[in-house]
Structures are given as C-alpha cells and as structure tokens.
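User: Hi, I'm new to this one and would like to learn how to read it. Could you walk me through it?

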Amino acid sequence: MTAWQVEPSHQWPQFDVDLTDVSITADRYLSAEFFASEWEGMWTKVWLLMGRAAQMPEPGDYQAEEIGPESVIMVRQQSGEIRSFYNVCQHRGSRLTFAEEGSVSRFVCPYHSWEYETDGSLVKVQDVEDFAEDPCATKRLVEIRTEVFAGFVWINMNPEAETLQEFLGPLWNEWAAYEPDDWPRVTALTARVDCNWKIIQDNFCESYHLPSVHPQLMESHEESYRYSDFQMSQQGHNRMIMPGATPSITQYGESPPLPEVLQERLRRWDLDPADFVDDPLAARRAIQQQMRALGPERGHAHYDNLHDLQLTDSHHYNLFPNCSVTFAADGVLLQRMRPHATDPQKCLFDHWYYGFTPASEKGVLDVATNIRIDGAGGPGGEVEHEVFDFGDRSMGLIPDQDLSIATGQQLGMRSRGFTEPVLAGQEDRVAWFHKKIDITINQAKSNRASKNNRAIRSEN
Ligand code: FES
Ligand SMILES: [Fe+2]
C-alpha cells in the first residue's frame, strides 16, 4: 500500500453502479424543458444546503437565500431552533423581504403591511374588518422542512423526504468529526456565471483537469490518486481524498524535493525541515503524529475525533446535487452552484470558506495549501458577502481557473459540432452525478403517477 492509499477503516461501504448507460447530452445544459424537469423532480425533492446557523445567533435573526425561482427565509426562533418559510406573503404573493439577512421582531410585507411572527403565524392585517373572515385565522407562512447539521442550515421542499442523516449517508459521521458548527465564515463570494450549474459540478466531480488547469496544486499534493482513489455513495455523493503534506512523485519522481509549502507546515508543528530533505515522503506521517500529539493542547480539540488522513489530507466531497465541499483539519471550503431562476445557461456560484482558529492564534488555514492566511477572519471575524459577475474580480486562483473553463465549456455545449462526452474511468463521478439526477427525477415522476392513481381510485 502506498503512502496515500486509504486504509480499509476509512473506506466507504462498497457501492457498484452500472454507468455504461449514462448519456450526458448537451440539451441537459441548454434546454428549458430539462431545466424545468430538474426543478420539479430534483431541486424540490432533495435536501439543500442553504444557510449557516452561526450567522443567526439571536431570535429574530434571519437569512433569505435564493435557489432557482424560490427564495427561502431561515429564521432563529425564540426557542432557539431555526425554521424556514417560503419568502412569500399570503395576501397577494409579494416577497416578504429582499434583504439577504437581518433581524426582525416580525416580518412585515412591503406591499400592504401584513405582519407575520417569526414562527410564520399571521398576526396583523390592515383593515381586517374588510375581509369576509379574519385571514389571521386561516393563513400563515408556508413552512419548509429544516435541519441544522455541521453548522449549516438545510432545507427540503419535499415533506415526504427521508431524513437529512439518511440523505447524507457516509458524509454524516465524517463531517461531524471536524466539529465545524461554529467555524466563522472568512470568505463569502458569489459570482453570477454564464453557464449551467452542472457544468461546474461536473468539473468538481473529476480530477482529470488538475494537471492542465491547476498545475500549481501538484507541488503540495500527490496527484496519482486522481485515477482511482475516489468513492461514490448510493445517495449520490462522492469523496476524493487528496493527500496533503506530500510532494508529487508523479511530478518529481521517487526523490522529490521538499517544497516550501511543506517546509512551512513542518515548522508550524515544531518539526525541522532539514530532517526531511533526504526523505520528504516521511513528512506527512510525521506531521500527522505531531498534530495528534500537540493539536489538542494548542486548542484543536477536534483532532481527537479525526482519522489520521483527516489531519493532513483534503477530503473533497461532491455533495449531491449542487455543492463541492472540501474539508481540511481546520477549515472547510464550500462551493455551491445554484440554478438561475429562469435561464438554464446561467447560475450562481458561491465560494465560501469557514476556518477554525484556536483562541490563541490569528488567521485561518488555506484549505489547499494548509498555510495560515494572516488577517483573514479569526474567531468571530465574519466577512461581508460580495456578489458580482464572474470576471469582475478574482475569487482566488483555483476558482478563477475552474470557472474560466466552465464558461468556455458552456459555449461548446451550444455547438452543432458537439454531441456528447467520452468519459475516462477517472470521470466516473461525472457519470454517476448525471445518473443520480435522472434517478431522482424519475423517482419523483413515478411517485406523482402513483399518487394520481391512488387519487383516481379513491374517487371511483
Ligand atoms: S401582498 Fe403582502 S400584504 Fe399584500
Ligand atoms: Fe478544478
């Protein structure tokens, strides 16, 4: 077993799926019809990662988040729990709030001032005597199923869906181990991008593009994992472990140099880089042992929950359907693709980073290099959310590299000269992602059909 192979104890349950029948035609990225079937059969049926509980610390604090044509209000209750509602007034359908976040004692509709408590109940109606019956007796905001896990707020528009834990499958325990619930947000960027949301998730589902699109990553990450060392789950999620603290043998051969990023990491854990010049491949194990020994006393109590591989290696997850989540020992990078309200060829791309910093230190660790970014956040150091058109400002080297490819690929999807992709074995996750979308949509269709049949039978 080579240094970067995953021990059986850290493997996911075996999952085999036939991917020979997957067809990823260009219309999936272009057509209004497919876009509508995704909304009806998928987005409204699965758990969606939407907000962050720590950003709503007090009762009345809320976040309003858009996805496709919907806007969802998530709001902290007096009881401490978070509940979610469609952001729509029950009088004549105005949006209730256009703010991205805020704090209210009541939501007051901007149109005719109907007032709702944060638990969704309608409590005040202008000229109430003018209504045949008091709307407060029958109307309230329409609630959406909500759960909080790993500090994120998840919603599901399907009242009959499985639990979030069932939906997350093998991700549940692995994410919980980092105890990321209170990690503050230290990067919050959202770009409007001219491509279908799946183009970007496709990209996150394969590492075939790493040597060409992100050549700089090979300095600090071994890259041979990209051929096979990923796992897929029946829930539609994938995991790929990117060994960190390891110079690339593929790049440098069996005697690689000790890159500067690795030297810095060694020093941070009181190890002398000079001791590893002759055997740089020993650095990763030594860092794991040192993190295990020194981490808790330096304030990283959660290291005790983590597998050795979680200490040094980026755990990159494709969360079905629309997130790419990369955990490092002290940080999580969340990249989320949200469909546009009406246009299949546009999406929103969120690039958010949450980083843990012990109280005694400043700055957070970059997820790719694991180097401390001084001045970025720190405990309680929340950053402002910025929204812009892709290209107007940099989002960081890696997302800039990925998104420039994505917009170019969308242009290619429109060409009469392209029919469908030819996938390598290492692109299996792309095929599984699309197959899982189809399975989800077809399941929703058959559920609708059997419901209709039951309704017809009960009428007869
Ligand atoms: S639409 Fe909200 S009060 Fe009239
Ligand atoms: Fe990439």
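This is a predicted model: local features need pLDDT of at least 70, side-chain atom pairs count only at pLDDT 80 or more; totals for chains, interfaces and linings use all residues.

User: Is Ala150 buried or exposed?

Analyst: Buried means under 20% relative accessible area, exposed over 50%, and partly exposed in between (1.4 Å probe, protein chains only). Ala150, at 3%, counts as buried, while Ser113, at 34%, is partly exposed.

User: Which atoms coordinate the iron ion (ligand 2)?

Analyst: Donors are N, O and S atoms within 2.8 Å of the metal (3.2 Å for Na, K and Ca); water is not among the atoms, so sites may look incomplete. Here the iron ion (ligand 2) is held by NE2 of His209, NE2 of His214 and two OD contacts from Asp402, at 2.0 to 2.6 Å. Along the chain these donors follow the spacing H-x4-H-x187-D. His209 lies in the loop between α4 (197-204) and α5 (210-213), and Asp402 in helix α10 (residues 397-413), so this pair links parts of the chain 193 residues apart. Both His209 and Asp402 are buried.

User: What is the geometry of the iron ion (ligand 2) site?

Analyst: Four donors count as tetrahedral if all angles lie between 85 and 135 degrees; four count as square planar and six as octahedral if opposite donors are over 155 degrees apart and all others between 65 and 115; anything else is irregular. With angles of 55 to 149° among its four donor atoms, the iron site is irregular.

User: How do I read strand pairing?

Analyst: Two strands pair if DSSP finds at least two bridges between them. Strand β2 (residues 61-67) and β3 (residues 70-76) pair in the antiparallel sense over six bridges, with Ile67 bridging to Glu70. The two form a hairpin with two residues between them, and Gly68 in the turn has a positive phi of about 55°. On to the next pair: β3 and β4 (residues 82-86) are antiparallel over five bridges, and Ile73 has Phe85 as its bridge partner. Six of the seven residues of β3 are buried, so β3 is largely enclosed by the rest of the structure.

User: And how are helices compared?

Analyst: Two packed helices are described by the angle between their axes and the distance between the axes. Axes are lines fitted to C-alpha atoms, for helices over the stretch in contact, and angles run from 0 to 180 degrees between N-to-C directions. The axes of α4 and α11 (residues 428-459) come within 8 Å and cross at roughly 140°. Angles under 35 degrees count as roughly parallel, over 145 as roughly antiparallel, 65 to 115 as roughly perpendicular and the rest as oblique. α4 and α11 are therefore oblique to each other.

Methods: Residues are numbered from 1 along each chain as its sequence is written. Chains are lettered from A and ligands numbered from 1 in the order in which they are written. Side-chain values use heavy atoms; hydrogens and water are left out. Helices (H or I, at least four residues) and strands (E, at least two) are DSSP runs, numbered from the N terminus.
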